[in-house]
Amino acid sequence: MKKILLSSAVALAIIAPAMAAVMKLDNAKSAVSIVFKQMNVPVDAKFKKFTANIDYDAAKPEASKATVDIDVASFDLGDAEYNKEVLKKEWFNAAQFSKASFVSTSMKAGATGKLDVVGKLSIKGKTLDVSFPLSVKKEGNNQVFDGSLPIKRLAFNIGEGEWKDTGMVADEVQIKFHVVTTP
């Protein structure tokens, strides 16, 4: 009986580190930002507050899952007046839709060591299916996830009324993220 318990304990000790576990977000090293064009000039902005729950297993990426929630009111264009403007109903409507979110539905090994991620992106009450490549690398004990997700802002009703005109603000937006997790 002792041999069986000892064998089971050894097996568990070997298997446990390989099992997927929800990783802890390192907020200081992580970032979610966007790039869009206003009057054909690139504009960078960032979200100061977000959470990410990532359950990643390098041995079985298809068993991995991720959820990201972004505090829309934390959007920062670098100017207090602009920040206030984009929270209004015509843009993010932060009073009614305080969070944007992404929930993965599948991950699988892709080309050149990347993951192909598929999921649901919800912004301003509208949910759409999205997909994007994701690079994953290990840095010490940390896991680093980098990616970029192109979207069309008008598909999420971001920029209503006179702001639907893409001559002033382009429809194309790149959501960029650099997420660092610790064990």
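The following legends describe close-up views of a predicted model of one protein.

**Figure 1. Overall arrangement of the predicted model.** The protein contains 2 helices and 11 strands. Read from the N terminus, its elements follow the order α-β-β-β-β-β-β-α-β-β-β-β-β. Of the 183 residues in the protein, 37% are buried.

**Figure 2. The largest pocket and its lining.** The volume of the largest pocket is about 840 Å³. Its lining consists of 37 residues, and those nearest the centre are Ile-34, Phe-47, Phe-75, Phe-92 and Val-173. By residue class, the lining comprises 33 nonpolar, 2 polar and 2 charged residues. Strand β11, which spans residues 169-182, makes the greatest contribution to this lining, with 5 residues.

Figure 3. Ile-175 is located in strand β11. Its relative accessibility is 13%, which is under the 20% limit, and Ile-175 therefore counts as buried. Leaving aside residues up to four places away in sequence, Ile-175 touches Val-32, Ser-33, Ile-34, Leu-121, Gly-147, Ser-148, Leu-149 and Ile-151. One of these contacts, Ile-34, is also among the residues nearest the centre of the largest pocket. Leu-149 lies 26 residues from Ile-175 along the chain, yet the C-alpha atoms of the two are separated by 5.0 Å.

**Figure 4. Lys-24 in strand β1.** Lys-24 belongs to strand β1, formed by residues 21-25. With a relative accessibility of 55%, Lys-24 counts as exposed. When residues up to four places away in sequence are set aside, Lys-24 touches Val-180, Thr-181 and Thr-182. The C-alpha atoms of Lys-24 and Ala-52 are 8.2 Å apart, although 28 residues separate the two along the chain.

**Figure 5. The salt bridge between Asp-76 and Lys-48.** Side chains of opposite charge can pair when their charged atoms come close. The whole structure holds 6 salt bridges. In the one formed by Asp-76 and Lys-48, the closest N and O atoms are 3.5 Å apart. Asp-76 is part of strand β6 (residues 75-76), whereas Lys-48 sits in the loop between β3 (41-47) and β4 (50-56), so the pair ties together parts that are 28 residues apart in sequence. Asp-76 is buried, with a relative accessible area of 16%, while Lys-48 is exposed, with a relative accessible area of 55%.

**Figure 6. The salt bridge between Lys-124 and Glu-160.** The side chains of Lys-124 and Glu-160 form a salt bridge with an N to O distance of 2.5 Å. Both partners are loop residues: Lys-124 lies between β8 (114-123) and β9 (126-139), and Glu-160 between β10 (142-152) and β11, so the pair ties together parts that are 36 residues apart in sequence. Lys-124 counts as buried, at 9% relative accessibility. Glu-160 is partly exposed, with a relative accessible area of 27%.

**Figure 7. The salt bridge between Lys-137 and Glu-139.** Lys-137 and Glu-139 are joined by a salt bridge in which the closest N and O atoms are 3.5 Å apart. Lys-137 is partly exposed, its relative accessible area being 43%. Glu-139 likewise counts as partly exposed, at 42% relative accessibility.

Figure 8. Most residues other than glycine have a negative phi. Met-39, a residue other than glycine, has a positive phi near 55 degrees. Met-39 is placed in the loop between β2 (31-38) and β3, where it is exposed, with a relative accessible area of 57%. For Asn-93, also a residue other than glycine, phi is positive and near 50 degrees. Asn-93 is found in the loop between α2 (80-86) and β7 (99-109). Asn-93 is buried, with a relative accessible area of 10%.

Note on methods. Residues are numbered from 1 along each chain as its sequence is written. This is a predicted model: local features need pLDDT of at least 70, side-chain atom pairs count only at pLDDT 80 or more; totals for chains, interfaces and linings use all residues. Side-chain values use heavy atoms; hydrogens and water are left out. On a 1 Å grid over the protein atoms alone, a cavity is a set of points where a 1.4 Å probe fits but cannot get out, and a pocket is an open set with protein on both sides within 12 Å along at least five of seven lines; lining residues have an atom within 4 Å of a point. Grid points are joined across faces, edges and corners, and a volume is the space filled by probe spheres set on the points. Helices (H or I, at least four residues) and strands (E, at least two) are DSSP runs, numbered from the N terminus. Ala, Val, Leu, Ile, Met, Phe, Trp, Tyr, Cys and Pro count as nonpolar, Asp, Glu, Lys and Arg as charged, and the others, Gly among them, as polar. Buried means under 20% relative accessible area, exposed over 50%, partly exposed in between (1.4 Å probe, protein chains only). A salt bridge is a side-chain nitrogen of Lys or Arg within 4 Å of a carboxyl oxygen of Asp or Glu. Contact means heavy atoms within 4.5 Å.
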